[in-house]
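Please look over the sequence and the model before reading on.

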Amino acid sequence: MTSNTSATPSENSPSTAKTPRSISLDVLKGMTIVGMILVNMASLSDTYPWLDHAKWHGLTFADLVFPFFLYIGGVAISYSYSKYRKNPALITRAVYVDILRRNLILFGLGLVLNGLFWNYSFMEPKILDLGHLRIMGVLQRIGIASFLASIVVLNLPEKGQWIFTGGILIGYWLILAFIPAPDNADGVFTQLGNFGSYFDRLIIPKEHLHKSFKYMGDPEGLFSTIPATANVLFGYFTGKWLKDRTGAARTSINLLLCGLAAIFIGSIWGGFFPINKKIWTSSYTVLTTGWGLVTLAACHELVDIRGYGKLLIPLEAMGKNPLFIFIGSILQIKLLMMNKITVGDKAVSIYEWSKQGLFGWAGALNSGVLYAIATICLWMAIAYIMYRKDWLVKI
């Protein structure tokens, strides 16, 4: 435990100074963690469509969670790296080593979640299967995207950062739209026919790819991590703008207007470059950034302007230890799903048994949602205890 914390699973050493904006950012992080647990737990069984990811093209509430983590990480980076903007001489080899170390740890933690507990059962322990270990994942993408964004921020002037961000979004669109997978003719925006999946199966052995892509691609693949880096950079631009503000007047309105503009642009772009989380299209990047701006505007208004921060302490507490809660909640799901309450053909998982016992009266759809809400309350209580004791986990 330490008195410093990472703002998202990817933040790099933020300032420990407690400012109103850092509180509103913690609230936004807490909201994102709550959304993640709600989506992850509810989707373990039949649930409402908005709590599940879009099957392919499209956008649901569930599809906002991951890009929010990246966007928030970018906002946090702007605070962490502000001293380097003021004094570039502070950017030494040790800075790069520290950035690499932190993001390698994130990548490694993702591998542990993929392998160590994926098939873990108390009845049939399976500790590690290197031959079928999935390489990519959520934390892996966060680590890579945050590392790339950090290199851009520390080495390019502001104009160059914007050009780079726009360039990767437009370049990614052109590549996917006009370069089909040489080994598949399904179509340029299909699961196996898009160039990103081809690139991933070219680089990563198929036994280390995701089963949802028939082991011929990955929803958090290497190639689609390139546009995901833009989510981090857009967050950085937002945070830099907030830090450079001399007053609070119209800040929330400006954030809201920028967010609505991004939503509009992303939606229009989606008309010819489909909005798709699984291949992380550029239109999806812009659209989710817009929703991030809108949500940040609401948090800024409620916490920084109207002073409702004390009412949102449970969310702030969740946002103080996002990495701890992220890993803990994922391990919870794996252990609940892999372990059975009985043996034989009629064996059911601990999750299914406890869900039916506690909330079966609410029906198939609602029982899963209520179980998710109960899980949120559990982790919120843990987060609040850690918050009161100033237990902050960081890497």
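## Basis of the model

The model is predicted, so local features need pLDDT of at least 70 and side-chain atom pairs count only at pLDDT 80 or more, while totals for chains, interfaces and linings use all residues. Residues are numbered from 1 along each chain as its sequence is written, and side-chain values use heavy atoms, without hydrogens and water.

## Packing of α2 and α8

Two packed helices are described by the angle between their axes and the distance between the axes. Helix α2 (residues 65-80) packs against helix α8 (residues 225-244) at about 40°, and their axes are 6 Å apart. The crossing of the two helices is right-handed.

Contact here means heavy atoms within 4.5 Å. Among the contact residues are Leu70, Tyr71 and Ile77 of α2, and Val232, Phe234 and Leu242 of α8. The contact residues of this pair divide into 11 nonpolar, 6 polar and 2 charged.

## Two residues with positive phi

Lysine 214 lies in the loop between α7 (195-203) and α8. Its phi is near 55°, a positive value in a residue other than glycine. Lysine 214 is exposed, with a relative accessible area of 55% (exposed means over 50%, buried under 20%, and partly exposed in between, with a 1.4 Å probe and protein chains only).

Aspartate 390 is found in the segment after α14 (364-388). Phi of aspartate 390 is also positive, near 60°, in a residue other than glycine. With a relative accessibility of 44%, aspartate 390 counts as partly exposed.

Methods:
Axes are lines fitted to C-alpha atoms, for helices over the stretch in contact, and angles run from 0 to 180 degrees between N-to-C directions. Helices (H or I, at least four residues) and strands (E, at least two) are DSSP runs, numbered from the N terminus. A crossing is left-handed if the near helix is turned anticlockwise from the far one by less than a right angle, and right-handed if clockwise. Ala, Val, Leu, Ile, Met, Phe, Trp, Tyr, Cys and Pro count as nonpolar, Asp, Glu, Lys and Arg as charged, and the others, Gly among them, as polar.
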